[in-house]
Amino acid sequence: MEESKYIWMDGRLVPWREAKVHVLTHALHYGTGVFEGVRAYRTVDGRTAIFRGKDHVKRLFNSAKIYRMEIPFSEEEILEAMKLVVRENELEECYIRPIVFRGYKELGVDPSGIPVRVAIAAWKWGEYLGRGALERGVRLKTSAWRRIPPQSLPLEAKATGNYINSAIAKMEARDVGYDEALMLDYRGMVSEGTGENIFIVRDGELFTPPLYASILPGITRATIIRLARDLGYSAHESEITLADVYTADEVFLTGTATEVTPVINVDGIVIGNGRPGPVTRKLQRMYFDVVKGKVEKYKHWLDYI
Ligand code: PPE
């Protein structure tokens with residue numbers, strides 16, 4: 001990864017290489033952490049702005065609440081700290097990673113009484129699914145592993161522990177030459193990627209799995225639904241089968257890291273004509289215009305640093 005200069009830890013900036021934790025940190029052993037992925041972009045007027053920072057901070061606090069972690073800072077303080085990290089690292093465009101986790105005190109599963117720690121890092125992170133992914137599109141493989149069922153863990157929380165499920169699916173797909181895994185939920189309905197939500201386009205309408213299909217309620221997903229409707233498309237949250245994906249006109253992934261990435265092949269089956277489709281392209285262009293502050297209507301989503 002491309003290292004920056006400082007990381008914010010528990011209220012102060014420390015040099016990147018000194019942002020360390022003890023090896024008996026609770027979260028390292030039991031996955032007891034929650035986190036966010038946020039991006040900041042250089043906007044048209046030359047200033048840098050965090051995209052939907054308040055929404056990410058809100059989700060972070062909700063994730064912490066679900067896991068009974070009290071964050072020793074206010075939402076405003078965390079947003080300010082995110083801005084500080086971007087500014088002090090002199091980053092024009094970057095990825096921001098706030099994490100709240102159970103620290104070091106005792107081991108044993110029970111996290112109560114273990115100190116809650118907070119860190120915020122920011123660094124340059126290019127195309128999430130590899131160079132050229134945004135332009136060319138990516139290939140997905142359906143994973144043999146199902147997404148964590150909602151009876152087992154609350155998927156509304158973006159918890160570190162959830163990602164062991166993503167990691168095993170990602171390795172499986174990558175090992176046989178695919179870019180990313182497509183995960184089904186415990187019922188066999190389409191859920192999401194290992195770090196992205198999925199959309200399909202059919203006859204000019206958009207469909208994306210509902211929250212109960214074991215997905216993370218993505219902020220980019222919500223952004224795309226909103227942009228699509230404002231552009232005059234109908235966008236539905238509805239059950240999607242694997243066959244629906246295979247026969248869709250277009251498929252794309254959304255996420256903070258992945259942005260809007262076209263999908264051109266799933267399990268070896270070519271999607272549409274095998275090239276990113278027109279609706280995907282239009283939404284992708286619109287998304288980048290919005291995050292870069294080119295569209296007046298959505299400027300309220302930007303927090304200038
Ligand atoms: N599903 C999952 C499982 C997920 O991890 C993400 C974000 C999304 C959907 C999209 O959510 P949103 O970013 O709010 O639109 N994944 C983050 C972490 C990726 C990583 O590898 O780390 C991200 O995109 O920042």
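**Close-ups of a predicted model**

**View 1. A nonpolar patch on the surface.** V23, L24, L28, Y30, Y104, L107 and V109 make up a nonpolar surface patch, with about 690 Å² of accessible area together. This is a predicted model, where local features need pLDDT of at least 70 and side-chain atom pairs count only at pLDDT 80 or more, while totals for chains, interfaces and linings use all residues. Residues are numbered from 1 along each chain as its sequence is written, and side-chain values use heavy atoms, with hydrogens and water left out. Patch members have over 30% relative accessible area and no salt bridge; nonpolar side chains (Val, Leu, Ile, Met, Phe, Trp, Tyr) are joined within 5 Å, like charges within 9 Å. Areas come from Shrake-Rupley with a 1.4 Å probe, and for residues only the protein chains shown count as cover. V109 sits in the loop between strand 6 (94–102) and strand 7 (116–123); helices (H or I, at least four residues) and strands (E, at least two) are DSSP runs numbered from the N terminus. At 63% relative accessible area, V109 is exposed (exposed is over 50%, buried under 20%, partly exposed in between; 1.4 Å probe, protein chains only).

**View 2. E3 and R17 pair up.** These two side chains form a salt bridge, 2.9 Å from N to O (a side-chain nitrogen of Lys or Arg within 4 Å of a carboxyl oxygen of Asp or Glu). The pair links distant parts of the chain, 14 residues apart: E3 is in the segment before strand 1 (6–9), and R17 is in the loop between strand 2 (12–15) and helix 1 (26–30). E3 is partly exposed at 41%, whereas R17 is exposed at 60%. A search of the whole structure turns up 23 salt bridges.

**View 3. Two arginines of strand 4.** R39 bridges to E259, with the closest N and O atoms 3.6 Å apart. E259 belongs to strand 15 (residues 259–266) and R39 to strand 4 (residues 38–42), so the contact ties together parts 220 residues apart in sequence. Both R39 and E259 are buried. R42 has its own partner, E92, at 2.7 Å between the closest N and O atoms. E92 is in the loop between helix 3 (75–88) and strand 6, so this pair ties together parts 50 residues apart in sequence. R42 is partly exposed at 37%, and E92 is partly exposed at 42%.

**View 4. A salt-bridge network.** D185, R187 and E239 are linked in a network of salt bridges.
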